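Please read them beside the structure.

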Amino acid sequence: MTRHEQEGFRKGARTLYITDLDGTLLDSTGHVTETSKHLLNRAIADGALVSVATARTPATISTLLKGIDISLPMVVMTGAALWDMKKNRYYDVRFHRPETARKLLDIYIEENLPTFIYSLGEDHIIHIYHLGPMDELARQFMEERDKSPFKIFHVGADGSSDTLPPLDRVLLFLTMQPTEAARRVYERVCEAGDCRPIFYHDSYGDEIAELEVFAADASKAVGVREVAKIAGADSVVAFGDNMNDLPMLRAADHSVCVANAVEEVKATAAETIGPNTDDSVARYILNHTEKS
């Protein structure tokens with residue numbers, strides 16, 4: 001889609017504005033500023049359709065977005081599900097196929113690579129298990145999230161789970177391990193197929209890689225299309241800053257990145273606005289709502 005075609009969203013279309021959180025809507029401290037909350041609530045009160053698409057789970061979203069009047073479902077866990085903040089319920093959940101989950105488990109066991117396994121219970125709570133011994137990084141990760149009403153960790157004193165989740169309820173395999181070990185499993189997972197693996201370095205430095213493995217049909221782009229359908233929107237404006245935002249940005253009618261976005265995202269986006277530290281996304285949404 002050309003930039004000229006993307007600009008069609010300005011001509012009176014019923015537009016969904018959907019934004020990534022970290023590095024995009026959130027500031028450098030990982031929070032939504034009071035200014036952004038005020039601007040977004042003004043836009044929503046004026047009729048703007050606003051939602052978010054994030055790798056995060058409701059455990060942190062519920063706190064970060066407290067005070068913002070978002071009524072639409074949100075794309076969570078990089079598109080593995082939609083979540084309704086008002087009702088505390090999940091929709092359009094993208095589970096691994098049971099045979100794929102079994103195949104992935106076998107790979108992790110054969111390669112002796114510890115991993116968290118996220119599943120969704122009938123109670124609309126995320127149940128998290130751990131395969132293999134738990135190192136200090138994984139234990140810290142768990143302890144930072146263990147008190148949430150949205151998650152339950154099923155992990156024994158030695159760091160491993162006595163049981164594993166039902167294979168038809170698995171959402172995500174999440175690994176934070178030394179780069180080469182994680183890369184080896186990533187390559188095997190890619191060969192196995194029928195899933196969507198993401199391999200990257202984030203806040204843990206170059207020595208530790210993160211490997212996330214979702215169902216094949218789970219992505220921000222798929223989730224955004226579903227939210228747009230629910231909202232009755234005929235146009236989508238998407239905001240992002242990082243690599244996992246690219247599918248969403250490419251699928252949007254108009255793609256916007258913040259000034260602090262990585263170069264690949266800047267090359268893809270139709271428009272670049274100010275940095276995440278300047279309430280740029282909220283200002284953009286309110287400005288375009290007032291113009292429509």
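1. Helices (H or I, at least four residues) and strands (E, at least two) are DSSP runs, numbered from the N terminus. The model is predicted: local features need pLDDT of at least 70 and side-chain atom pairs count only at pLDDT 80 or more, while totals for chains, interfaces and linings use all residues. Residues are numbered from 1 along each chain as its sequence is written, and side-chain values use heavy atoms, with hydrogens and water left out.

2. The largest pocket has a volume of about 1100 Å³. A pocket here is an open set of points on a 1 Å grid over the protein atoms alone, where a 1.4 Å probe fits, with protein on both sides within 12 Å along at least five of seven lines; lining residues have an atom within 4 Å of a point. The volume is the space filled by probe spheres set on the points, which are joined across faces, edges and corners. Of the 37 lining residues, Ala55, Tyr200, Asp202, Glu210 and Glu212 are closest to the centre of this pocket. At least two lining residues come from each of H2 (21-25), H4 (58-64), H6 (136-143), E9 (170-178), E10 and E11 (208-215).

3. Strand E10 spans residues 195-200 and contains Cys195. Cys195 counts as buried because its relative accessibility is 12%, the limit being under 20% relative accessible area (1.4 Å probe, protein chains only). Beyond its neighbours within four places in sequence, Cys195 has contacts (heavy atoms within 4.5 Å) with residues including His96, Leu104, Val189 and Phe214.

4. Strand E4 (residues 81-84) is buried on both faces: Ala81 and Trp83 point one way, Leu82 and Asp84 the other. Three bridges join E4 to E3 (residues 74-76), antiparallel; strands pair if DSSP finds at least two bridges between them. Val76 is opposite Ala81. Four residues lie between E3 and E4 in their hairpin, where Met77 has a positive phi near 50 degrees.

5. On to the next pairing. E4 is also antiparallel to E5 (residues 89-91), again through three bridges, with Leu82 partnered by Tyr91. In this hairpin, which has four residues between the strands, the turn residue Asn88 has a positive phi of about 55 degrees.

Key: Buried means under 20% relative accessible area, exposed over 50%, partly exposed in between (1.4 Å probe, protein chains only).
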